Amino acid sequence: MQTEAKAVENRKSLVRVPVGKTARVARLDTDESIRARLLDMGFTRGAAATCLFESPGGDPRAYLIRGAVVALRGRDAATILVEETENP
């Protein structure tokens, strides 16, 4: 039970992952229409997502997910809950 509590404690939204860092998708917290689109793009539980860069204004940001580069607006990335990982 403590391991599960610690995992929940380490969760944050994808939009908060710094450029150059990687996190694993834990959960999608969004409505069904966006959820289906995010799943199609590879944002599934356990998938590693690396923030590659952000636009000069900070929004959108580019993420590497399952070998593809995907640009997401902050409001969409905020609905993806992730757990931090150690970068290789």
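These are my notebook entries on a predicted model of a protein chain.

**Ground rules**

I count residues from 1 along each chain as its sequence is written. Since I have a predicted model, local features need pLDDT of at least 70, side-chain atom pairs count only at pLDDT 80 or more, and totals for chains, interfaces and linings use all residues, while side-chain values use heavy atoms, with hydrogens and water left out.

**Entry 1**

I checked the confidence before anything else. pLDDT is the predictor's confidence in each residue, from 0 to 100. The protein chain averages 88, and 86% of the residues score at least 70. Where is confidence lowest, and where is it highest? Helix 1 (residues 2–9) has the lowest mean, 50, and strand 4 (residues 61–65) has the highest, 97. Where pLDDT is low, the predicted coordinates should not be read in detail.

**Entry 1: the overall layout**

I noted three helices and six strands in the protein chain. Helices (H or I, at least four residues) and strands (E, at least two) are DSSP runs, numbered from the N terminus. Along the sequence I read the pattern α-β-β-α-β-β-β-α-β. Of the 88 residues, 32% count as buried (under 20% relative accessible area; exposed is over 50%, partly exposed in between, with a 1.4 Å probe and protein chains only). I also looked at contacts, meaning heavy atoms within 4.5 Å. Of those with a separation of 6 or more, 61% link residues 24 or more positions apart.

Two strands count as paired if DSSP finds at least two bridges between them.

Strand 2 (residues 22–28) was my next stop. Five of its seven residues are buried. Three bridges join strand 2 to strand 3 (residues 48–54), and there Thr 22 stands opposite Thr 50. On strand 2's pairing with strand 6 (residues 80–84) I found five bridges, with Arg 24 partnered by Glu 83. Strand 3 also pairs with strand 4, over five bridges; Phe 53 has Ala 62 as its bridge partner there.

**Entry 2: the core**

Which residues touch the most other members of the largest nonpolar core? I listed Leu 14, Val 25, Phe 43, Ile 65, Leu 72 and Ile 80, out of 17 residues. Such a core is a set of buried Ala, Val, Leu, Ile, Met, Phe, Trp, Tyr and Cys residues joined through side-chain atoms within 4.5 Å. Strands 2, 3, 4, 5 and 6 each give two or more residues to this core, and strand 2 gives the largest share, three residues.

I followed two of these residues. Beyond its neighbours within four places in sequence, Val 25 is in contact with residues including Phe 43, Ile 65 and Ile 80. Leu 14 lies in the loop between strand 1 and strand 2, and its relative accessible area is 0%, so I put it down as buried.

Is Arg 61 buried or exposed? I found 7% relative accessibility, so Arg 61 counts as buried. Arg 61 belongs to strand 4. Its side chain makes polar contacts with the side chains of Glu 54 (3.3 Å) and Tyr 63 (3.5 Å). A polar contact is a pair of N or O atoms within 3.5 Å; within protein, one must be able to donate a hydrogen and the other to accept it, and residues adjacent in sequence count only if both atoms are side-chain atoms.

Arg 66 is exposed, at 57% relative accessible area. I located Arg 66 in the loop between strand 4 and strand 5. Its phi is near 50°, a positive value in a residue other than glycine.

**Entry 3: a cis bond**

I found a cis peptide bond from Asp 59 to Pro 60, with omega near 10°. Pro 60 sits in the loop between strand 3 and strand 4.
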